[in-house]
Amino acid sequence: MEKLMIAGGYPLKGTVRISGAKNSAVALIPATILADSPVIIEGLPNISDVQILKGLLEELGGTVHFDGNDMNVDPSSMISMPMPNGKVKKLRASYYLMGAMLGRFKKAVIGLPGGCHLGPRPIDQHIKGFEALGASVTNEQGAIYLRADELIGARIYLDVVSVGATINIMLAAVKAKGRTIIENAAKEPEIIDVATLLTNMGAKIKGAGTDVIRIDGVENLHGCQHTIIPDRIEAGTYMLLGAAAGEGITIDNVIPQHLESLIAKLREMGAHIEDGDDQIYIKPADKMKSVDIKTLVYPGFPTDLQQPFTSLLTSAVGTSMVTDTIYGARFKHIDELRRMNANIKVEGRSAIINGPVKLQGAKVKASDLRAGAALVIAGLMAEGITEVTGLEHIDRGYSHLVEKLNGLGATVWRENLTKEELEQMKNA
Ligand code: EPU
């Protein structure tokens, strides 16, 4: 096991290229199950979630080649292998196997998903959708059993706007008989990306990216080639570290429209931002001003950037408030930032940050993926050395992190954990 070592205080400059979107990738890969001939997905991020999903498709009998960038999946000989345990528990997005396997085989057994612990993360809306399409869904000893004689299109109103439920219902509905209408659907760019892949495979989907999606079921879906969208959350993370410790950095391979809420907030703080077709340049002001943010569903401020934003706010002049309306308990990074000298308190769903303070390097632990991103940014801002453990969380979502950071002039490296550190982790 390794930890990330960060020598803080080196000003960052240059250009960083953004990888394919993790939250698209984890849905696009299961979507290939629905085809009857090979699907090629180009530009995938080389992260552990993608590697785990590759292994899961192989367990189903698929032939999968992944060169770290492009994936070729031949799903033709897949079977509906039950997966109550094992790799499915390692990532949250394994729930997309439910929709995809139900769509293709009309049955699936999938262990309840793992992933980041951000407080309760129910999947009742996914299940409501599958049931509306005619599936029986039961929970037996921590695994979800899904079965349908046939899937029949239905009108489904989501009680909660959910990215996962919207995509999962689309996956199951593309091969159902007749029309499915998803109302109060989520509008995230990743949903449009998945709908684009499915449409290239022969599905009939209208309205992805709006809150009403119409799907007319088809008998068969075929192979195709698809290029994934860039990762707006990875891009946002690099913008934040550019604002926190940069002397002017360029983010390449980004869709600026996907980051409008972040760009607006960074401008409010005083940062200088220029956005082009597929690039964003960001340079911080000498003194950045405090701001308040409230996370909302897309196109509002993304919950996934709330934690990294908090690190930046420690250097802003004044008091800022960060409120997470999506995951009210997504604040495990705050104790770690306090170890680094941050002045932050948590009240309910909000964190209140008083700045500016000079962060100090410390030994800290990433409790989840974006908490890890927050600590990396804090480490780059801090005086001295920061050691971040819990690297397995960061590796789930940030492709080539060390190379990208060092390419911007940072001094960051991975080290094996010492025997004592391993011992402490076992006892924790
Ligand atoms: N919710 C329900 N019932 C459901 C589904 C969701 O109550 O059946 C609630 C959740 O508890 C949450 C809200 O609805 O309060 C939104 O959850 P959503 O279903 O949209 O989240 P998700 O699909 O599980 C995806 C991303 C998350 C991101 C959220 C919100 C993937 C694989 N994950 O999760 O990404 O935070 O949308 O935008 O797409 C991350 O990348 O670090 C990450 C956690």
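User: Which residue's side chain makes a polar contact with the side chain of Lys3?

Analyst: Heads up: this is a predicted model, where local features need pLDDT of at least 70, side-chain atom pairs count only at pLDDT 80 or more, and totals for chains, interfaces and linings use all residues. Residues are numbered from 1 along each chain as its sequence is written, and side-chain values use heavy atoms, leaving out hydrogens and water. A polar contact is a pair of N or O atoms within 3.5 Å; within protein, one must be able to donate a hydrogen and the other to accept it, and residues adjacent in sequence count only if both atoms are side-chain atoms. For the Lys3 side chain, the partner at 2.9 Å is the side chain of Glu421.

User: Is Lys3 buried or exposed?

Analyst: Buried means under 20% relative accessible area, exposed over 50%, and partly exposed in between (1.4 Å probe, protein chains only). Lys3 has 4% relative accessibility, so this residue counts as buried.

User: How much area do domain 1 and domain 2 bury between them?

Analyst: An automatic or database assignment sets domain bounds; here domain 1 is 2-19 + 230-427 and domain 2 is 22-227. Buried area is the accessible area (1.4 Å probe) that two parts lose on being put together, summed over both. With 53% of it on carbon and sulfur atoms, the two domains bury about 1800 Å².

User: Which residue forms a salt bridge with Arg396?

Analyst: You need a side-chain nitrogen of Lys or Arg within 4 Å of a carboxyl oxygen of Asp or Glu. Domain 1 and domain 2 have two salt bridges between them. With the closest N and O atoms 3.0 Å apart, the partner of Arg396 is Asp49.
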